[in-house]
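I opened a new page for this chain.

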Amino acid sequence: MNQFMTALMAAGVVLGGIDRIFGNRSGYGEKFEEGFRLLGPTALSMVGMICLAPVLADVLGRVIVPFYRAVGVDPGMFGSLLAIDMGGYQLAKELAVETKIGSYAGIVVSAVFGCTLVFTIPVGMGMIEKKDRGCFAKGIMLGLAAMPVGLVFGGLLAGLSWSECLHQNLPVFGAAFLLLLGLRKIPDKMVKGFCALAAGIRILITAGLVLGAVEFLCGINPVPGMAPIEEAMEVVASIGIVMLGSLPAAELLRRVLERPFAALGERLGMRSVSLTGMLLGFVSPMPVFALYRDMDEKGKVAAGAFLVSGASLLAAHMGFTLGTEPPMLAALFCGKVCGAFAAAALAFWLEGRRARVKDGE
């Protein structure tokens, strides 16, 4: 798996680079450039948290470790409440008692639940028009309901047993249940809460970036125990290299599947733009949010469900994994793909059933 995906990314680099040399005639060179331009936003979103991860692990560990141990769960699972590229991986590894569980929590669970909690929901609710937020929230709820499918399959490939996957994810499942309940009962308040959470994380990340930069430039260490900013930038650079190839490769895949998606969309009773949006979601949720206004209701729900597990697989998350812990790539890929397609299938089935009941009435 690792060698195949690495070769695929390298082929994407070559495709994008050649097109750029010849003036971006086919559009792959533009995707190549976009991968490089994303280095800045990627660094802003994660460097500060990587620098602060050891300090946070020390502070939070005093509270989190005893609680998690009391319920028989590895403390590293706490890191999965943050996105993989927003400090979730580092926090999971720092807190983990067992190495393989720290890797599983920081790579697989952080890339699914953590990403949904601190990025997909607050950003999506902010970008999507108010009239479409109900469909998006419904999709998120279905995605969370299907999430255990991806977490279990990803866990098996990470070296955990079925029982370990289920038991170690008890806090995640509990948090997901509360999230489901909140989105159903008090959606407006949940939106405000997620926006506040995202703002708080942004402040923390910026503070970590400032402290790391000051230490690098002046040799002053205001917060002992921080990771050097050079290490964080190395992780960002490895992600950027992968995105140089992943974005052109994803664009090629989108073009190849455009006609089949149009035919499949007709069979599923939805616009092809919805299926295209799901594919784009594997690269980034941002274009999916922009396409929401053009989707039909069924597609909006399915796209929201798909993003819970599928978001950013072929760009940031794959790049992060290849740059930090390549042996976990198969677990990441299988976990996110299985969870995403299970969520989409659940959405198609429930929305189709609802439509049939409505027609019968």
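**Entry 1**

I started with Leu350, which is partly exposed at a relative accessible area of 28%. The cut-offs matter here, because buried means under 20% and exposed means over 50%. I noted that the model is predicted. Leu350 sits in helix H15, residues 329-360.

**Entry 1: The whole chain**

Next I stepped back. Which secondary structure does the protein chain have? I found 15 helices and zero strands. I then checked the box around the C-alpha atoms, which is roughly 65 × 55 × 40 Å along the principal axes.

How does the radius of gyration agree with a compact globule? For 361 residues, such a globule would have a value near 21 Å. The protein chain has 20 Å, so the two agree.

I looked up burial as well. Of the 361 residues, 52% are buried. Contacts came after that. I took those with a separation of 6 or more, and 72% of them join residues 24 or more positions apart.

**Entry 2: Helix H14**

I picked helix H14, residues 313-324, to see how it is placed. Is it largely enclosed or largely open? Ten of its twelve residues are buried, so the rest of the structure largely encloses it. I wrote down some of the buried ones, among them Leu313, His317, Met318 and Phe320. Gly319 and Thr321 are also on the buried list.

**Entry 3: Charges and salt bridges**

Now the charged side chains. I noted 30 positive and 27 negative ones in the protein chain. The centres of the two sets lie 9 Å apart. Side chains of opposite charge can pair when their charged atoms come close. How many salt bridges does the structure hold? The answer is 13.

Glu33 is partly exposed at 23%, whereas Arg37 is exposed at 52%.

Glu251 and Arg254 came next. Their closest N and O atoms are 3.0 Å apart, and the pair forms a salt bridge. Where do these two residues lie? They are in helix H10, residues 229-268, and because they are three residues apart, about one helical turn separates them. Is Glu251 buried or exposed? At 10% relative accessibility, Glu251 is buried. Arg254 is partly exposed at 22%.

**Entry 4: A network**

Next I traced bridges that share partners. They join Glu129, Lys131, Asp132, Arg293 and Lys300 into one network. Glu129 forms a salt bridge with Lys131, with the closest N and O atoms 3.6 Å apart. Glu129 is partly exposed at 31% relative accessibility. Lys131 is exposed, at 58%.

Technical notes:
Residues numbered from 1 in each chain as written. Predicted model: local features only at pLDDT ≥ 70, side-chain atom pairs only at ≥ 80, totals over all residues. Heavy atoms only, no water. Salt bridge = Lys/Arg side-chain N within 4 Å of Asp/Glu carboxyl O. Buried < 20%, exposed > 50% of the residue type's maximum accessible area, 1.4 Å probe, protein only. Helix = DSSP H or I, 4+ residues; strand = E, 2+ residues; numbered from the N terminus. Rg over C-alpha atoms; globule rule 2.2 N^0.38 Å. Contact = heavy atoms within 4.5 Å. Lys, Arg positive; Asp, Glu negative; His and termini not counted. Charge placed at Lys NZ, Arg CZ, Asp CG, Glu CD.
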